[in-house]
Each structure stands twice: as C-alpha cells, then as structure tokens.
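Please keep the sequence and the 3D view at hand while reading.

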Amino acid sequence: MAGGAAAAARAAPGARGGVRIVVAGDRGTGKSSLIVTAAADTFPINVPPLLPPTRLPDDLYPDRVPVTIIDTSSSMENRGRLAEELKRADAVVLTYACDQPATLDRLSTFWLPELRRLEVKVPVIVVGCKLDLRDDEHPLSLEQVMSPIMQQFREIETCIECSAFKQIQVPEVFYYAQKAVLHPTAPLFDQEAQTLKPRCVRALKRIFILCDHDRDGALSDAELNDFQVKCFNAPLQPSEIVGVKRVVQEKLPEGVNDRGLTLTGFLFLHALFIEKGRLETTWTVLRKFGYNNDIRLSDDQLPPPIKRAPDQSVELTSEALDFLRGIFLSFDIDGDGALNPAELEDLFSTAPESPWDGAPYKDAAEKTALGGLALDGFLSEWALMTLLDPVRSIENLIYCGYAGDPSSAIRIRRRRRLDRKKQRSERNVFQCFVFGPKKAGKSALLNSFIGRPFADMASTSEERYAVNAVDLSGGSKKTLILREIPEDGVSKLLYTKDSLAACDIAVFVHDRSDESSWKRATDLLVKVASHGEANGCEVPCLIVAAKDDLDPFPTEIQDTTRVSQDMGIEAPIPVSNRLRDFNNVFLRIVSAAEHPHLSIPETEAGKSRKQYHRLVNRSLMFVSVGAAVAIVGLAAYRVYAARKNASS
C-alpha cells in the first residue's frame, strides 16, 4: 500500500477549487513577510500593511493543488473582515513572534478562543515566526512550549517555527497547512491515545469486507493486489506483498494467518502509516471507497434528496426488505430469532455509528426480554428510519452491504389525496399522530404497542415514536408508526400549512374518568380537524377512551356520543393499559388508515363552508341553465326569422 497522494488530494473536499489558507495573529508577528517569502522565495525589504490574496505556484508541493493565502489585519477596525475570512478558511495559520513571548500567550488567551467563538472548525497550524531573533539564553524546545496549548486546543494540527529572513522552514508552513486540509489527522487518529478513531476503524472494516471477495476473513495475495490496483492504480510486486506481511507479523502475529492479511493486520498497517506521517495513504483508500472528510459516504455515493409532495411517504422496496431479512439471519449468531445488542452492534459495525442509538429510534420498537430485536422489530426500525430520513436509511443500507442500485431500495407512495379519491391506500407503512391532554394515556398507548409492561410506563412531555408490525387477516402485515404529540406542542405542529400532510390517521386519547381530559381532547380534535379542512389535508380520526378500568365521569356516554355523532366519526374505543385490554385498537387504527375517505371529522365551520359551496354551485347551475335556455331560445328565434324571410 503506497503512493496515491495526488489522487487523494484530487478527491479531497475543497481540492477542486484549491486550498484557502488564512493567516492571522497579532500585529508585528511576521504574517506578511512569511507570505511574501513563501510566494517569492525571497525576503521582502518593504512589506505593505496588508497583502492581497497570494497564490503559491501549483508545482510547489507534490499534491499540485492550488494554494491561496489570505493575509489579515489584527486591528480593531478590521475585526469584521477578519471574522469573514476566518469563516471561509480551509485552514488557519496562527502566528506568534519567537522574540515576543506575549504574542505566544495571546494564542491561548485570544486567538484560539476567538476561533471557537466564531465556530471556525478547520485545522489550525501554529507558527512561530522570527526564529532568528529568539533569545537563546533560556532555550525551550517547541514541544515544551506548545504541549500545554495543544492539550487545551485539540484543533491545533501542527506547530512549527520558521524564519522568513533566513528562509528557514518557510515552505513547510504552508505544506503542513495544505496537508492538514487534504489529509487531516483528526478524523483518523487519536493523538493522545495513539489509536485509530472508531469511525475510521468502522470505515476500514467495511473496506476490508468489500475486498475480501471469498469471505474467508483474510486478504489473500490476489485480493491484496486487487486492492492496491483499485486504490493506487499500480500492482504490488510479490516481494512487496511478502514485505508488507512480514512487517505486520513481526509487530502483530495475529495480523497475518495462512490465508493472508487479517482485519487486525489491515487496521495495524493503517495505524502505522498514520504514525509515520503518511496520512495520504489512508485517505487515498477512504476516498477511493467514497468517503468524505467526516468519514461518511460522500454525497455522490448517495441518491439526491428525494423529491416528493408533502402527503407522499417513502417505504423500502421488497428487494431491500429481502436484503434486510438476509442480514438479520446472518447476524443472528445464536439463532434465537432476535438480534441481541452485541449482534446489532456487529451488524452496524461498518457504519459510522449505530443509527438507532439516539432519538427518535432508541426504544421505538418492541424488544425481547433480553433487550434484542426480533425480525418484526428490526424491520420496523428500518421502516421508521426510511419514513423520516430516506437518504440516511439508504446510506445505512449501503454500510451494511447492500450492493444494489440505491434507487431500487425505496419507493415513493402516491399522494394521500389520491388515496382518498380512490378510497383505498396501498401503503404498507402508516403514520399515526397521537394527540391528547397530559396524563390522558398517550405514552401508555405507545408503550403498550411495543410491549412494555404497565409498571414501566412513564408519562413524557416530549415527542416520541413507537413502531411495530400489525397482523391483518389473511396473514399479511402492515407497519404502524405512532407519533406522540405533546399537548403543548400541538400549536407548534399546526403552525405550517402542510403539517398534517404526513399523517395517515390521527388518534385522540382522553382519560374517560376525567371530564376535563375529555373536553381538552375534544378541543384538540376540533383544532386538528379545522386545520385539515382549511388546508385541504383532512385526515381520518379516531377517539380512544383510555383507563377503561376506572369509573367514567357521569356524563361520559352522552358527551362522547354527541361529539362523535356531530362530527361524523366512530364512537370512542375503550382501552385499559392496566388490564392489557386494547380492543384491537391498533388493528382498527390501521383499518381506518387503509380507508382514508372515511372517519374524517367535520367541524361546524366545515359544514357551513360546505353548505356555502353547495349554494354557490346551485346558483351557478341555475345561471348556467338559464343561459342555456336563453341560447336555445335565441337559436330557435333565428331559425324562425330565417324561414319567414325565405317565404317572403
């Protein structure tokens, strides 16, 4: 594994337009002299207060990537311009004067904190200028001087001292800055622990698996050679392969076996390259396999943002689902029909991180008693991720080994307004918004859907999801996603016109033992229904009467019957989470979502609006009929007149 620096540079972010390096620091630290000397290879006698953008010769460094250097002023009146330039930088060179210790102190008291305040997240090269003027009576090594600062500010990539006057290490300053952009250390290597970073390990593991064509856990000589040709456009000589394996075996015996280079050995080699300063080798490999500087697949490896109407949803295709069933079986090592946490982590060990460790995916699906995911729970999590973030779902499919065309992994469902017109939804995944006042039983409903015991149920004021498969008659399944909307989040949700477009069905939960809970739930129902009527995104609605094990409030039957009849929807569905009595509520939710033209509530305002439109249409019809009669009469008169004229 060798070479490839130029190839890596060409593929690096920012390389196409060149590398933009901004030089900043206190006045008098030698910024302008450093830039002129680097560009002209001579020390300037007279230097203007501020240099224009300066481009270095393209052939100055091996990567042959254009480098533009931006000089800056440290005066207060130019502070705004300085901030603008720093935010546009690919790398920042911070200068101090070796003969002025106060300028070194200013790095940690002003300049580095200022970069953080401006959220400038690029490599920083600290440069001590005027090395020829430093007082050598009390010499300190650069490491002694900079070690405390580098411990505090991890964004510092490299420290170097130079002299523009004596032309000592001037080209190296901008070489290190360019290299920090094209081949940054931070994403790959933990300097303190001296180990590869987890995301780098995960990416290299995926690359190893892709190159291990016979899946025997080692790269044979032929596979190593294929890898070398793919990444560096040149084969390895047999003696070079022997040499690579010998280096690994001497340091790490388990890095090589009788079948070839193991994953452990492959990772060791890359750590060795980085330790020896050959980061371009590892970056070449990563970029050949489509990774960007964040060690994620770059945008050109993924489908573009998916264009769809607000009331269209995205689902996995049968091809993608078959792939997921296959990897589920292959990672279910103990064959218990579920992926335990270790098996799930192994499955996602070639992704930048496990995608379901945080909200909204964490704890969204049903788990086994041992904390694993059965197949339904596993596929449900994928369905949720595909609905909420389809590009991320495809990205993780690729990390897990999906080799098909990314566009073949998803399908966009037709618009829900067309489903209403055809009186049937063909979707396999339905999203249900769950509304209701506080302590009505929303969270308990979600928890019961994913099999959590009643004792574990806790109320929450945050939006959350629960997803599971629902068995239908005939052996088919649909995936139902419950999205809990906190009571105080409803106004925010309904702020935008299309806020209900993604909702296939809405459920309104109330505590049937509490009259105030029912009134607040009714208010929410009217609010949501009114929003749907006003914006043309009406949704089917169901009412759920929770806590059926408690005595209802006195007028519960009359009040709920009146409201459901007035609005034209089903009577409330009683459920008791404590008694585990759900009255097939989830099946009824799916059934209502499948028939989107039914169960749509009508408010009084909506009825009045409809009545008004009917009157207008009737008036238009009367006018149009009258006009038609008049036209017919006029035509008849013209015929009569024509005949009369002819006879005379």
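How do the residues of the lining of the largest pocket divide into nonpolar, polar and charged? They divide into 21 nonpolar, 11 polar and 15 charged. Here Ala, Val, Leu, Ile, Met, Phe, Trp, Tyr, Cys and Pro count as nonpolar, Asp, Glu, Lys and Arg as charged, and the others, Gly among them, as polar.

## Basis of the report

This is a predicted model, in which local features need pLDDT of at least 70 and side-chain atom pairs count only at pLDDT 80 or more, while totals for chains, interfaces and linings use all residues. Residues are numbered from 1 along each chain as its sequence is written, and side-chain values use heavy atoms, with hydrogens and water left out.

## The sheet

An open sheet of mixed pairing is formed by 6 strands in the order E2-E3-E1-E4-E5-E6. Strands (E, at least two residues) and helices (H or I, at least four) are DSSP runs numbered from the N terminus, and two strands pair if DSSP finds at least two bridges between them. Strand E2 (54-56) and E6 stand at the edges with a single partner strand each, so one side of each is left without a neighbour in the sheet.

## Strand E1

Strand E1 (residues 19-25) is largely enclosed by the rest of the structure, because 7 of its 7 residues are buried, that is, under 20% relative accessible area with a 1.4 Å probe, protein chains only. Val19, Ile21, Val23 and Gly25 cover one side, and Arg20, Val22 and Ala24 the other.

E1 pairs with strand E3 (residues 67-70) in the parallel sense over 4 bridges; the bridge partner of Val22 in E3 is Ile70. E1 also runs parallel to strand E4 (residues 91-97), joined by 5 bridges, and Ile21 stands opposite Ala91 in E4.

## The pockets

A pocket is an open set of points on a 1 Å grid over the protein atoms alone, where a 1.4 Å probe fits, with protein on both sides within 12 Å along at least five of seven lines; lining residues have an atom within 4 Å of a point. The largest pocket is lined by 47 residues, of which Arg154, Ile156, Glu157, Thr185 and Ala186 lie nearest its centre. Helix H5 gives the most to this lining, with 6 residues.

The second largest pocket is lined by 25 residues, and Gly28, Thr29, Gly30, Lys31 and Ser32 are the closest to its centre. Helix H2 (residues 31-40) gives the most to the lining of this second pocket, with 4 residues.

Note on methods:
Buried means under 20% relative accessible area, exposed over 50%, partly exposed in between (1.4 Å probe, protein chains only).
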